[in-house]
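Colleague: Please take a close look at the ligand site in this model. Then go on to the other spaces and to the charged pairs.

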Amino acid sequence: MRAVHAEGTGGPEVLSVREVDDVRPGPGELVIEVAATAVNRADTLQRQGFYPPPKGASDIIGLECSGRVAELGEGLDGAAWAVDDEVCALLAGGGYASRVAVPAGQVMPVPDGVDLVTAAALPEVACTVWSNVFMVAGLQPGESFLVHGGAGGIGTFAIQLAAALGSRVLTTGGTAEKRAFCAELGAAVTIDYHDEDFVEVARGEPAGGVDVILDNMGASYLGRNVDALATEGRLVVIGMQGGVKGELNLATLLNKRAAVIATSLRGRPTEGKAAICAAVVEHVWPLVADGSVRAIIDRTLPLEEVAEAHRVMGEGTHTGKIVLTL
Ligand SMILES: NC(=O)c1ccc[n+]([C@@H]2O[C@H](COP(=O)([O-])OP(=O)(O)OC[C@H]3O[C@@H](n4cnc5c(N)ncnc54)[C@H](OP(=O)(O)O)[C@@H]3O)[C@@H](O)[C@H]2O)c1
């Protein structure tokens, strides 16, 4: 099979496509003949040597894919999937390859009306946003929701999903063009993170803050995020683009009866990922199928141009996802 090989760690130039040994399905796994995969920020960290794969996962980069079922592992005969089914999957690794083995619970059908290549851009954003914003933070219709980095892969999906489910959405963005796009996707308020204070904007909301925040920045935004929460607000940290160690004012948190939670999708056990995938198929796929929410794709490149895809993500000029086709 073909796969992306990393020659040591470093910049995008360490990545190239090579022939490697075929993967075989383990018990309870199936093998997908990959049609497309997508780039995640975590992939760029893994390339640099900062985010090793969890124990037992493939050391080939790639956290999601779409394709056709090629082989069923032991114990899957007569199960939900058959050879040739079109699927997409949440992976712990191995997506940047022409074949990948994945536990059956992390495999999802391609939503109705979505083509196979576009489906590669859905598993990470749908599972991350649904699990954090709805399962963990419990965002309710009528509540307000701030997502940082609204023009990114996660942000573009979070804006649409929260707006479709009845929340008032606020978001931050780095350029006027990106903020205008976020507004088109359903953000009621867009904030320039270079020149505006999102805390001040949040405090201007009717509840004196926002109910839920999805944060990609970590340490550099920790104190201000707590300041921006309404009473009983929930902050979910999923990224550390602004560092790992921050200072938390417990008095502010206590007075607001607020919560700070941090989660990671990749390191969860298979059963946890399977529960999230099942919830996504139940709650999110119908909204994708009826067009309320769609995958936003910045560009699609052949797998051979993986280094260019990583360069673009590092530069941060993209809006939405970067997809790689096989
Ligand atoms: N914990 C998990 O399970 C999990 C799962 C998936 C993703 N993540 C994390 O989620 C984050 C987003 O992932 P992604 O795939 O959407 O990456 P992405 O497409 O590269 O998006 C990154 C976003 O960061 C924004 N940003 C940069 N500096 C900012 C600042 N000072 N204030 C606010 N926003 C800023 C960018 O905004 P502009 O483009 O406007 O500059 C961009 O929208 C990453 O940190 C990723 O590691 C975590």
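Modeller: An oxygen atom of the ligand lies 2.6 Å from an N or O atom in the side chain of Tyr193. This pair is a polar contact (a pair of N or O atoms within 3.5 Å; within protein, one must be able to donate a hydrogen and the other to accept it, and residues adjacent in sequence count only if both atoms are side-chain atoms). The protein buries 86% of the 920 Å² that the ligand exposes when taken alone; accessible areas come from the Shrake-Rupley method with a 1.4 Å probe, and for residues only the protein chains shown count as cover.

The model is predicted: local features need pLDDT of at least 70, side-chain atom pairs count only at pLDDT 80 or more, and totals for chains, interfaces and linings use all residues. Residues are numbered from 1 along each chain as its sequence is written, and side-chain values use heavy atoms, with hydrogens and water left out.

A polar backbone atom of Gly174 is 2.7 Å from an oxygen atom of the ligand, and for a polar backbone atom of Gly153 the distance to a ligand oxygen is 2.9 Å. Helix H3 (123-136), helix H4 (153-164) and strand S9 (168-173) are the elements that give two or more residues to the shell around the ligand. Helices (H or I, at least four residues) and strands (E, at least two) are DSSP runs, numbered from the N terminus.

In total 24 residues surround the ligand, the closest being Arg41, Gly174, Lys178, Tyr193 and Tyr221; a residue is near if one of its heavy atoms lies within 4 Å of the molecule. By class, the shell has eight nonpolar, 13 polar and three charged residues. Ala, Val, Leu, Ile, Met, Phe, Trp, Tyr, Cys and Pro count as nonpolar, Asp, Glu, Lys and Arg as charged, and the others, Gly among them, as polar.

H4 gives the largest share of the lining, three residues.

As for charged pairs, the structure holds 15 salt bridges, each a side-chain nitrogen of Lys or Arg within 4 Å of a carboxyl oxygen of Asp or Glu. In one of them, Glu304 pairs with Arg2, with the closest N and O atoms 2.5 Å apart. Glu304 lies in the loop between strand S14 (297-302) and helix H11 (306-315) and Arg2 in strand S1 (residues 2-6), so the pair ties together parts 302 residues apart in sequence.
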